[in-house]
Amino acid sequence: MSVQGADAVVIGAGVIGAGVALELSRRGLATVSTERLPGAGQGSTSASSGVVRFNYSTRAGVAMAVEGLGYWLRWREHVAAPDGAPVPEFVQCGMLLLKVPGSNHERAIEHFEALRVPYEDLDRHELERRFPYLDTHRFGPPTRMDDERFWADPTGFVDGAIWMPEGGYVTDPMLAARNLADAAAAGGGTFLYGRTVTGVLREGDRVAGVALDDGTEVRAPVVVNVAGPHSSHINRLAGLEGTAAISTRPMRREVYVVPGPEGLDFDEAGCVMGDLDCGFYLRPERPNNILIGSVEAACDELEWVEDPDTVPLTTTRTEFETQVLRGARRIRNLGLPHEHRGVVGVYDVTEDWLPVYDRTDLDGFYVAIGTSGNQFKNAAIAAHCMAELITEVEAGLDHDADPLVVEGPHLGLPIDLGTFSRNRPLDTDAPVNVLG
């Protein structure tokens, strides 16, 4: 058995885990990151749609997304990538959220006003003028293909849409994670790839490091669980199962790629869109394709899994046709291709679809989990918040009694980390959807 020492162990090298390693290393901590896959960002991050949006149900969630935008606008600078080194592109094409029942746009507007987030409230006629390829009829609520209502006549028109001009998408999520890992390594961080955590070490009431499948022990007074769909397993290894009000559970999801409508350059005319009336979200996917995913409509069964490592990674024809045909109701001249293409991923989901960024009942053991398929855009700011939280709690802050409020590094917006507490009351009014 070999033993290594560090100031902090980070479990997971997805986009948030790699970001946490970078932020801690920039604060002078010697970090060791463990990752079960061969490289950074090869798990859930690689299946992300990379959408950058701001319509969250909580004030802190909106503030985090707005502060997160600052990183994407300056990504090369943030990861200190040399000129010519590959970095993902942030395509700032804007985002539409159709104003329909369940879209929660009223709450989003309230947060936008309070935080001065740029947006436009488009009525139906302005929506049609700017986006003539959209059919603005009301088709919902969403149904399955075997439901006779699937192709029912429309029942009126949508009320319009909320336009977020600063929204968009990131072209290569896995590359973003690699950039963060490379930056952390350049700052002295160590990455152990192809290693699985088999135990969480303790000394009394405090964490003491982790044990790995090759017999290595990495000793450290701080351990951060950023293990994505494996996070609940890691918490069990730490003896923390059932100690928090919020739990996480892995869920399998699919997203699809289809050609844009003939005669329309979707790379130029398209944008990110959330359509809870038909039951899907989309964004451009170069060259001139459309990426389409489910928004977890009530009629769509959620595919919970017991073991993320045994999930089939091929798309299913029925789900492909369901989502693309939903898209065909909204997007004029969108065809259903014979070949179904797409990506399968596994998300780490909480009961209210909000993440947990917190300490735990085991001193020194922290969690950035339950990201529910919607936190890629917030990776860098979430990592910053976690590093601030770890610094303050290790210095004596009672975060449970007096939750830390982090000042955003770009606009100075307050981010109340109590919103993401492991013991928060469930937000039953939050929409149950991913929207990338």
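How many of the ten residues of strand S20 are buried?

## Strand S20 and its partner

In this predicted model, strand S20 spans residues 341–350, and seven of its ten residues are buried, which leaves the strand mostly covered. Strand S20 pairs with strand S15, residues 248–259, in the antiparallel sense, and ten bridges connect the two. Within this pairing, Glu254 stands opposite Val344 of S20.

## Trp304

Trp304 belongs to strand S19, which comprises residues 303–304. Its relative accessibility is 31%; because buried means under 20% and exposed means over 50%, Trp304 counts as partly exposed.

Leaving aside residues up to four places away in sequence, Trp304 touches Arg249, Pro250, Met251 and Val349. Pro250 lies 54 residues from Trp304 along the chain, yet the C-alpha atoms of Trp304 and Pro250 are separated by 6.1 Å.

## The packing of H1 against H10

Two packed helices are described by the angle between their axes and the distance between the axes. For helix H1 (residues 15–26) and helix H10 (residues 379–394), the angle is about 45° and the axes are 8 Å apart. The two helices, H1 and H10, are therefore oblique to each other, and their crossing is right-handed.

On the side of H1, the contact is made by Val15, Ile16, Gly19, Val20, Glu23 and Leu24. H10 contributes Ala379, Ala380, Ala383, His384, Met386, Ala387 and Ile390.

## The packing of H1 against H6

Helix H1 also packs with helix H6, residues 173–186, at an angle of about 25° and with the axes 8 Å apart. Because angles under 35 degrees count as roughly parallel, H1 is described as roughly parallel to H6. The crossing of H1 with H6 is left-handed.

From H1, the residues in this contact are Val15, Ala18, Gly19, Ala21, Leu22, Ser25 and Arg26. Those from H6 are Ala176, Ala177, Leu180, Ala181, Ala183 and Ala184. The contact of H1 with H6 divides into ten nonpolar residues, two polar and one charged. Val15 and Gly19 of H1 take part in the contact with H10 and also in the contact with H6.

## Helix H4

Helix H4 covers residues 105–115, and its buried residues are His105, Arg107, Ala108, Ile109, His111, Phe112 and Leu115. An α-helix has 3.6 residues a turn, so residues three or four places apart point the same way. Among the elements that cover the buried residues of H4 are helix H2 (59–73), strand S6 (95–98), strand S7 (120–122) and strand S8 (161–164). The residue that follows H4 is Arg116, whose phi is positive, near 60°.

## A four-stranded open sheet

An open sheet of four strands has the order S1-S13-S12-S11, with mixed pairing. Strand S1 (3–5) and strand S11 (197–203) stand at the edges; each has a single partner strand, so one side of each lacks a neighbour in the sheet. On average, neighbouring strands of this sheet are turned by 25° against each other, direction ignored.

Strand S12 (residues 206–212) and strand S13 (residues 217–219) run antiparallel and are joined by three bridges. Ala211 has Glu217 of S13 as its bridge partner.

Methods
Residues numbered from 1 in each chain as written. Predicted model: local features only at pLDDT ≥ 70, side-chain atom pairs only at ≥ 80, totals over all residues. Heavy atoms only, no water. Axes fitted to C-alpha atoms, helices over the stretch in contact; angles between N-to-C directions. Parallel < 35°, antiparallel > 145°, perpendicular 65-115°, else oblique. Left-handed = near helix turned anticlockwise from the far one by under 90°. Contact = heavy atoms within 4.5 Å. Buried < 20%, exposed > 50% of the residue type's maximum accessible area, 1.4 Å probe, protein only. Pairing = 2+ DSSP bridges. Nonpolar A, V, L, I, M, F, W, Y, C, P; charged D, E, K, R; others polar.
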